[in-house]
Amino acid sequence: MEEIYAKFVSQKISKTRWRPVPSGSLQTTETFATGSWDNEENCVSLWSIGDFGNLDSDGGFEGDHQLLCDIRHHGDVMDLQFFDQERIVAASSTGCVTVFLHHPNNQTLSVNQQWPAAHYHTGPSSPSYSSAPCTGIVCDNPEIVTVGEDGRINLFRVDHKEAVRTIDNADSSTLHAVTFLRTPEIVTVNSIGQLKIWDFRQQGSEPCQILSLTGDRVPLHCVDRHPDQQHVVATGGQDGMLSIWDVRQGTMPVSLLKAHEAEMWEVHFHPSNPDHLFTCSEDGSLWHWDASTNAPEKSSLFHQGGRSSTFLSHSISNQAGVHQSLVSSWLSTDPAKDRIEITSLLPSRTLSVNSLDVLGPCLVCGTDAEAIYVTRQLFS
């Protein structure tokens, strides 16, 4: 693999996201967005990956990510998602949700739309108003779904001033993340180890399904859905474990995989190559998981970084009833197929790796060490 390039940006990076490539386009992505946190002034920034390979003063390679533009963001950026090619949605620790518009002709960002009190513990109209952080967002044009520390779920539509739908007491605990299962169903994860599925076609404030970790109710921090098999969901928890769920059956994860030594902040299936999965953690690591069926026979995809190992997953359900060829490699319970190769992508442990994103051959991640790492030859 080509080197992974670091750029130090003088701000703690909480979120990194690639700008989506237009459907049908053959080009690779050139632009990514970042959000910052825990800085005197936080901002949302757009970067171009530019040409790689400039030698820095120490004789090492430095990534040539060029800052295209940035805009001040009130509060910590808790989540960040591209709505389309031009618009980026940011979730704030103040409870506000903002849509920023990129103007490529003069390389600026402006506020396009805002829902200032999307999340709150006590309402804006009450004298004791207190906001609640918006912890997660997911976009599916024209809709934006937000979740928060207040246990509230909002369904917004771009160009609508008010929420189209709000489930006020969706959860009595903090909702940490949300993603679409299939429109109009979403899946949320919370601070007591539960994964809940919601259907916006149903009225009322009850989820249509609840799955949960047994035993210690370890908070779940992140969730992603398999791009091709919508019943397969991955979550990451406070204990660093990776859990794989099959939402069609059972109420527990199919597999629990021992992973990081501290909180897992994000998990992402590769959007076009979903036998590959990526995770990042508070422990300063960024991992690539390879569950493709030929993983044990091949050398590591990544020849760089500190850790490469192959191990058997611990599977806790029997799927004899499911036709084997239809089973995702993440659900396979055949020990010969259960080998998953893990490779560490960062050259050395750093402070917390808060966020990552993968698109085509490109990966970006952001850290508390005020660095952004990029590679654009993931599978070479």
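Tutor: Ala, Val, Leu, Ile, Met, Phe, Trp, Tyr, Cys and Pro count as nonpolar; Asp, Glu, Lys and Arg are charged; the others, Gly among them, are polar. This is a predicted model, where local features need pLDDT of at least 70 and side-chain atom pairs pLDDT 80 or more, while totals for chains, interfaces and linings use all residues. Residues are numbered from 1 along each chain as its sequence is written, and side-chain values use heavy atoms, without hydrogens or water.

Student: What makes up the lining of the second largest cavity, by class?

Tutor: There are 2 nonpolar, 3 polar and 3 charged residues. The lining residues are Arg165, Ile167, Trp198, Asp199, Gln202, Gln203, Gly204 and Glu206. β17 (165-167) and β20 (194-199) each give two or more of them. Strands here are DSSP E runs of at least two residues, and helices are H or I runs of at least four, numbered from the N terminus.

Student: Why is this space called a cavity and not a pocket?

Tutor: On a 1 Å grid over the protein atoms alone, a cavity is a set of points where a 1.4 Å probe fits but cannot get out; a pocket is an open set with protein on both sides within 12 Å along at least five of seven lines. Lining residues have an atom within 4 Å of a point. The structure holds 2 cavities of 30 Å³ or more.

Student: What lines the largest pocket, and which element gives the most?

Tutor: The volume of the largest pocket is about 1,600 Å³. It has 49 lining residues, with Arg17, Asp79, Gln81, Ile137 and His268 closest to its centre. β14 gives the most, with 6 residues.

Student: What surrounds the second largest pocket?

Tutor: This pocket is about 220 Å³ in volume. Its lining has 14 residues, and Ala117, Ala118, Phe156, Glu162 and Ala163 lie nearest the centre. β11 (108-115) and β16 (153-157) each give two or more. Of the lining, 8 are nonpolar, 3 polar and 3 charged.

Student: Why is serine 292 called buried?

Tutor: Its relative accessible area is 10%. Buried means under 20%, exposed over 50%, partly exposed in between (1.4 Å probe, protein chains only), so serine 292 qualifies. Serine 292 sits in the loop between β28 (286-290) and β29 (308-312).

Student: How do you know that serine 292 makes a polar contact with aspartate 290?

Tutor: Their side chains come to 2.6 Å. A polar contact needs a pair of N or O atoms within 3.5 Å; within protein, one must be able to donate a hydrogen and the other to accept it, and sequence neighbours count only through side-chain atoms on both sides. The pair is therefore a polar contact.

Student: What makes a set of residues a nonpolar core?

Tutor: Its members are buried Ala, Val, Leu, Ile, Met, Phe, Trp, Tyr and Cys residues joined through side-chain atoms within 4.5 Å. The largest core has 19 residues, and Ala234, Leu242, Ile244, Val267, Leu277, Trp289 and Trp330 have the most contacts inside it. β26 gives the most, with 3 residues.

Student: Which residues does leucine 277 touch?

Tutor: Setting aside residues up to four places away in sequence, leucine 277 touches Ala234, Leu242, Val267, His268, Phe269, Trp287, His288, Trp289 and Trp330. Contact means heavy atoms within 4.5 Å.

Note on methods
Grid points are joined across faces, edges and corners, and a volume is the space filled by probe spheres set on the points.
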